[in-house]
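I open this notebook to record what I looked up in one structure. The entries take up confidence, a helix pair and salt bridges in turn.

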Amino acid sequence: MNVAVRGPRTAQWKQILARLTAAFAIGASFNLGFAPFGWWPIALAALAALFALIRGLPPRRAGAVGAAFGLGLFAFGTYWLYTCLHVFGLVPVWLTLVLQGVLVAAMSLYPAALCYLANRFWLKPGATRDWLVLPALWVLLEWLRGWLLSGFPWLSVGYALIDSPLAGWAPLFGVYGVTWAAAMIAAALNLALMPAVPPARRGMALGAAGLLFAMPMILAHAQWTHPSGPPIAIAAVQGAVPQDQKWQSKNRELTMQRYLRLTGAAWGARLIIWPEASLPVLSTDIPEYLHGLEEQGRVHDADFAIGLVDYRPADKQYFNGILVLSAAGDGWYYKRHLVPFGEYFPVPSFVRSWLRLMSLPYDDFTAGSARQPVLRAAGQNLGLSICYEDAFGSQQLKVLRQATLLINVTNNAWYGDSTAPHQHLQIARMRALEAGRFLVRAANDGITAAIDPQGKIVARLAQFQEGVLHTTLQPMTGLTPYARFGNYPVVLGTLLLLLVAAWRRRRGE
């Protein structure tokens, strides 16, 4: 009796384990769709495989499969956090692993929720589940992941498709519009490859996938933005100062002189850009240095956008900022969306006391105001962002009504020689495509690049090498549909689809 019972149970557990292992492997393979690999068809195939893997499973088991998928995706997709936190951030190994583990587990809850909800309320195969529920849930939960608890939009599906025909959905509906198209195609592939599907349904599924690929190419002829004034010469400086040497006191003067030397090779540009926190000093410590730089800029008819840490002694507040030195007037932009555990510590006071006793760095930056004036330089209105801030596209929409040029300064030296700088460049490319504007990003050790309104890289510097990127870019005005309406159409559309799915479920269809 016991042997007879044990046999089926053992087989069942082996089947469950095999499905969980497959889900983990599929999630891990999803990363091949992102930079630097860029094999975007794998992202579509992985999503389709997940949809197939949970078909017919009980809700809890489907949720476990979704969690395994998420663990594979985020464990392999965020491995570089170890370098950021421990190697350069000096966080103890055990605490680094705890923080990474918490992040991966938390992010895995999103695909787990999708799989559980889909199989809890729409387990029955059919058009409602395939075309309404799975794509809508994926987009809605990905959007939720992008802002809930500060948000972590890294590894959103749409970014993997920046070099695919589906990228053409971005000017209309943003990165989540691209994600929706990808999820629809994954559902179509899943349906088309299933056995015993009638030829008519198989053909309809493949036809729908083809239409989703073709529509952006048709819509590409629409000109949402247009040139504003003549092209301008821009130079982006890449100092390539190693992160573990940057803040050593003995290297301070060398770094400051390095940027002056590289700037000497940038004369001729109307706008010169330095990366995030380019100098290992506070702005209040170097007034003469900055004044001299501004004087040289006037001689050469050049304005500056300099990534620099600002300090207000009266309030004892630090800001991660961009100092604009311009003939139109100097001004600061302060980073608004700070990185948890990187730029501020969302922890209670007793944890801060412990960090102080352990001599660990924990000083918080102060977030900039959500309402900051648009700064002008080289005759342009600048849409400014700092580092990881450009991953939150909807927070930059307001400035697009005035900005003619986008600038992102970053310090990807924190990530070492990993996939993170390449994926961050993918994100910047999506922002340019969504906005229909040129974007220049200056990175401390790469990847410094200029990106056109189609999201294509027009010039770049090699990583880990100092240099100056010279480029001439066309200022743009006008608004794409996404710049005008933001994420509202996609979010409201997915909610509407889920309401329709709920109505059909209630009717038993």
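The entries below follow that order.

**Basis.** I am working with a predicted model, in which local features need pLDDT of at least 70, side-chain atom pairs count only at pLDDT 80 or more, and totals for chains, interfaces and linings use all residues. Residues are numbered from 1 along each chain as its sequence is written, and side-chain values use heavy atoms, with hydrogens and water left out.

**Confidence.** I looked up pLDDT, the predictor's confidence in each residue, from 0 to 100. The chain has a mean of 92, and 95% of its residues reach 70 or more. Over residues 356–362 pLDDT stays under 50, and there the model has ten contacts (heavy atoms within 4.5 Å) beyond four places in sequence.

**Helix pair.** I took helices (H or I, at least four residues) and strands (E, at least two) as DSSP runs, numbered from the N terminus. The axes of α6 (residues 127–145) and α8 (residues 170–192) come within 9 Å and cross at roughly 145°; axes are lines fitted to C-alpha atoms, for helices over the stretch in contact, with angles from 0 to 180 degrees between N-to-C directions. In this contact α6 contributes D130, W131, P135, W138, V139, E142 and W143, while α8 contributes Y176, T179, W180, A183, M184, A187, A188 and L191. I sorted these residues into twelve nonpolar (Ala, Val, Leu, Ile, Met, Phe, Trp, Tyr, Cys and Pro), two charged (Asp, Glu, Lys and Arg) and one polar (the others, Gly among them).

**Salt bridges.** I found eleven, each a side-chain nitrogen of Lys or Arg within 4 Å of a carboxyl oxygen of Asp or Glu. For accessibility, buried means under 20% relative accessible area, exposed over 50%, and partly exposed in between (1.4 Å probe, protein chains only).

D163 pairs with K456, their closest N and O atoms being 4.0 Å apart. D163 is in the loop between α7 (157–160) and α8, and K456 in the loop between β11 (449–451) and β12 (457–460), 293 residues apart. D163 is partly exposed at 43%, as is K456 at 38%.

E466 and R258 form another bridge, at 3.6 Å. E466 lies in the loop between β12 and β13 (467–473) and R258 in helix α11 (residues 252–264), so the pair ties together parts 208 residues apart in sequence.

R336 and E389 meet at 4.0 Å, N to O. Which of the two is buried, and which partly exposed? E389 is buried at 2%, whereas R336 is partly exposed at 24%.
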